[in-house]
Amino acid sequence: VNELHKYVVGPVSSVPPGSQRRVDVAGRAVAVFNVDGRYYALRDVCPHRGAALSAGLVVGSFGATAPGAYLYDPSRPLVRCPWHGWEYDLVTGQSWCDAGSRVRALQVSVESGRSMLEAGAGEERVPGPYVAETVRISVEDDYIVVEA
Ligand code: FES
């Protein structure tokens with residue numbers, strides 16, 4: 001059984017709404033997206049040919065209520081790979097182009113610096129469930145935390 005750790009990838013201001021960023025989590029590239037204030041994280045490697053999904057375009061998804069009647073759903077965002085246009089669900093990592101393909105989706109949350117520092121008893125490198133090797137944590141800020 002692989003144990004999950006929480007990695008602090010940066011303050012919330014480092015990925016403002018409408019943006020995305022490639023970050024390093026435990027030596028692996030992860031794409032973090034902020035879509036209207038909600039955060040999503042995927043491994044930053046397209047299963048097709050390996051492009052960085054952090055360079056992709058985020059779009060809403062289409063559903064169909066009846067043949068020919070399409071419904072645009074902005075609450076179900078997808079990222080479109082910049083190389084060949086395959087699309088992946090930001091929540092599950094499921095490919096919408098090749099049903100057998102999936103990119104790993106990671107849990108992402110926002111946590112307060114205060115709660116992390118309390119969990120780490122005030123040490124600068126936060127121990128326990130958090131790993132923050134390059135991010136200085138301050139009490140005033142909120143941080144994006146990815147589980148991997
Ligand atoms: S590398 Fe992503 S669709 Fe081809």
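Where is the place of Gly-18? I looked this up to get going, and found Gly-18 in the loop between E1 and E2. A reminder to myself: this is a predicted model.

**Entry 1: Gly-18**

I checked how open this spot is. Gly-18 has a relative accessible area of 68%, and the cut-off for exposed is over 50%, so I noted Gly-18 as exposed. Next I asked what Gly-18 is in contact with, leaving aside its neighbours within four places in sequence. I got Asn-34 and Asp-36. I also looked up Val-58, which is 40 residues from Gly-18 along the chain. The C-alpha atoms of Gly-18 and Val-58 are separated by 8.7 Å.

**Entry 2: the sheet**

I found an open sheet of four strands, in the order E2-E3-E4-E8, with antiparallel pairing. The edge strands are E2 and E8 (105-106), as each pairs on one side only.

I went through the pairs one by one. E2 and E3 are joined by seven bridges and run antiparallel. On this side, Ser-19 has Asn-34 in E3 as its bridge partner. E3 (residues 28-35) and E4 are also antiparallel, with six bridges joining them. Here Asn-34 turns up again, with Tyr-39 in E4 as its bridge partner. Val-35 has Arg-38 in E4 as its bridge partner.

Then I looked at the turns. E2 and E3 make a hairpin with two residues between them, and Ala-26 in that turn has a positive phi of about 55°. The hairpin of E3 and E4 has two residues between its strands as well, and Asp-36 takes a positive phi near 50° there. Asp-36 is also one of the contacts I had listed for Gly-18.

Is E3 largely enclosed or open? I counted seven of its eight residues as buried, so E3 is largely enclosed by the rest of the structure.

**Entry 3: salt bridges**

How many salt bridges does a search of the whole structure find? I got four. My notes on some of them follow.

Arg-22 and Asp-44 meet through their side chains at 2.9 Å, N to O. Arg-22 sits in E2 (residues 19-25) and Asp-44 in the loop between E4 (38-43) and E5 (57-66), so this pair ties together parts that are 22 residues apart in sequence. Arg-22 is partly exposed at 47% relative accessibility, while Asp-44 is buried, with a relative accessible area of 2%.

Glu-111 and Lys-6 form another salt bridge, at 3.1 Å, N to O. This pair links distant parts of the chain, with Glu-111 in strand E9 (residues 108-112) and Lys-6 in strand E1 (residues 6-11), 105 residues apart. Glu-111 has a relative accessible area of 13%, so I put it down as buried.

I also looked at Glu-87 and Arg-80, whose side chains meet at 2.8 Å, N to O. Glu-87 counts as buried at 17% relative accessibility, and Arg-80 counts as partly exposed at 34%.

**Entry 4: a pocket**

Last, I opened up the second largest pocket, which holds about 180 Å³ of space. Twelve residues line this pocket, and Val-25, Ala-26, Arg-28, Arg-104 and Ala-148 lie nearest its centre.

Definitions and conventions:
Residues numbered from 1 in each chain as written. Predicted model: local features only at pLDDT ≥ 70, side-chain atom pairs only at ≥ 80, totals over all residues. Heavy atoms only, no water. 1 Å grid on protein atoms, 1.4 Å probe; cavity = no way out; pocket = protein on both sides within 12 Å on 5 of 7 lines; lining within 4 Å. Points joined across faces, edges and corners; volume = space filled by probe spheres on them. Buried < 20%, exposed > 50% of the residue type's maximum accessible area, 1.4 Å probe, protein only. Contact = heavy atoms within 4.5 Å. Pairing = 2+ DSSP bridges.
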